[in-house]
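Good morning, everyone, and thank you for making time. I would like to walk you through one model this morning, going from its overall fold to a few individual residues.

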Amino acid sequence: MESRQDITNQEELWKMKPVLLHLHQTTRFDDFDCPPELQQKQKLFPKWRLPIKIAAIVSSLTFLYTLLREIIHPFVTSHQQYFYKIPILVINKVLPMVSITLLALVYLPGVIAAVVQLHNGTKYKKFPHWLDRWMVTRKQFGLLSFFFAVLHAIYSLSYPMRRSYRYKLLNWAYQQVQQNNEDAWIEHDVWRMEIYVSLGIMALAILALLAVTSIPSVSDSLTWREFHYIQFNFLHLS
């Protein structure tokens with residue numbers, strides 16, 4: 001009986017195959033069943049435009065300053081060519097400054113809003129348009145700050161893979177041999193780098209926690225007290 005039922009089911013599926021193929025060809029799942037007119041009316045990332053513009057401006061200005069200070073100035077004054085530093089070293093100096101600036105722009109409007117409320121004497125009066133727009137896009141600023149921080153960590157991990165670093169390491173070893181120096185250990189440099197890396201890892205972990213809790217699906221599962229505790233108490237640690 002079971003074999004007969006299997007045969008009949010297979011025959012029915014085989015008969016339905018042309019119908020299924022026709023439905024697959026006529027149905028467009030790529031458009032998510034959204035009319036083209038509605039797709040044209042919808043704005044593309046409206047809340048991300050201001051944060052991306054600010055991030056682009058801050059990145060450009062910081063890159064220009066770092067380029068002038070690290071590359072152009074030594075080339076003009078002492079004819080030293082450090083242009084090879086642009087892809088990694090210069091970019092990696094830009095990333096943390098942009099990240100910390102964007103993180104400051106996340107919490108600065110809250111302070112300004114408190115000052116405005118104290119000035120107005122009430123919290124029910126509407127904020128200015130620029131401040132209201134800034135308050136709405138704070139989450140986007142925070143996510144961009146986390147993005148630049150992650151890039152900074154990746155760029156920092158790539159330092160030993162650079163060819164220029166290997167050449168410098170060979171030069172340092174050769175200079176140590178020429179100076180008959182058996183031990184190049186410098187205690188304060190070692191401690192400074194160890195603490196620097198450790199604090200950087202902890203800061204990135206805290207920033208990742210702040211970014212995850214800002215996701216709507218995660219923030220909706222938290223109470224207001226839990227969300228407030230994570231966002232403000234962990235901010236002071238970072």
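Let me start with a term: helices (H or I, at least four residues) and strands (E, at least two) are DSSP runs, numbered from the N terminus. Read in that way, the protein chain follows the pattern α-α-α-α-α-α-α-α-α-α along its sequence, with 10 helices and 0 strands.

Before going further, please keep in mind that this is a predicted model, in which local features need pLDDT of at least 70 and side-chain atom pairs count only at pLDDT 80 or more, while totals for chains, interfaces and linings use all residues. Residues are numbered from 1 along each chain as its sequence is written, and side-chain values use heavy atoms, with hydrogens and water left out.

On confidence, pLDDT is the predictor's confidence in each residue, from 0 to 100; its mean over the protein chain is 82, and 81% of the residues reach 70 or more. Where pLDDT is low, the predicted coordinates should not be read in detail.

Now to the interior, where buried means under 20% relative accessible area, exposed over 50%, and partly exposed in between (1.4 Å probe, protein chains only). Buried residues make up 22% of the 238 residues in the protein chain. Which helices do the buried residues of α6 pack against? They pack against α3, α4 (86–120), α5 (129–136) and α8, and among them are F141, L144 and F148. F148 is also touched by S59, which contacts V94 and V98 as well, not counting residues up to four places away in sequence; S59 itself is found in helix α3 and is buried, with a relative accessible area of 17%.

Let me turn to charged pairs, with a salt bridge taken as a side-chain nitrogen of Lys or Arg within 4 Å of a carboxyl oxygen of Asp or Glu. The structure holds 3 of these salt bridges. R69 pairs with E70, their closest N and O atoms being 2.8 Å apart, and K93 pairs with E70 at 3.1 Å. E70 counts as buried at 18% relative accessibility, whereas R69 counts as exposed at 51%. The remaining salt bridge joins D189 and R192, at 3.0 Å from N to O; being 3 residues apart in helix α8, D189 and R192 are separated by about one helical turn. Through shared partners, salt bridges join R69, E70 and K93 into one network.

Finally, two loop residues deserve a look. H79, in the loop between α3 and α4, has a positive phi of about 55 degrees although it is not a glycine, and H79 is exposed, with a relative accessible area of 65%. N180, in the loop between α7 (163–178) and α8, likewise has a positive phi of about 55 degrees without being a glycine, and N180 counts as exposed at 69%.

Note on methods. Contact = heavy atoms within 4.5 Å.
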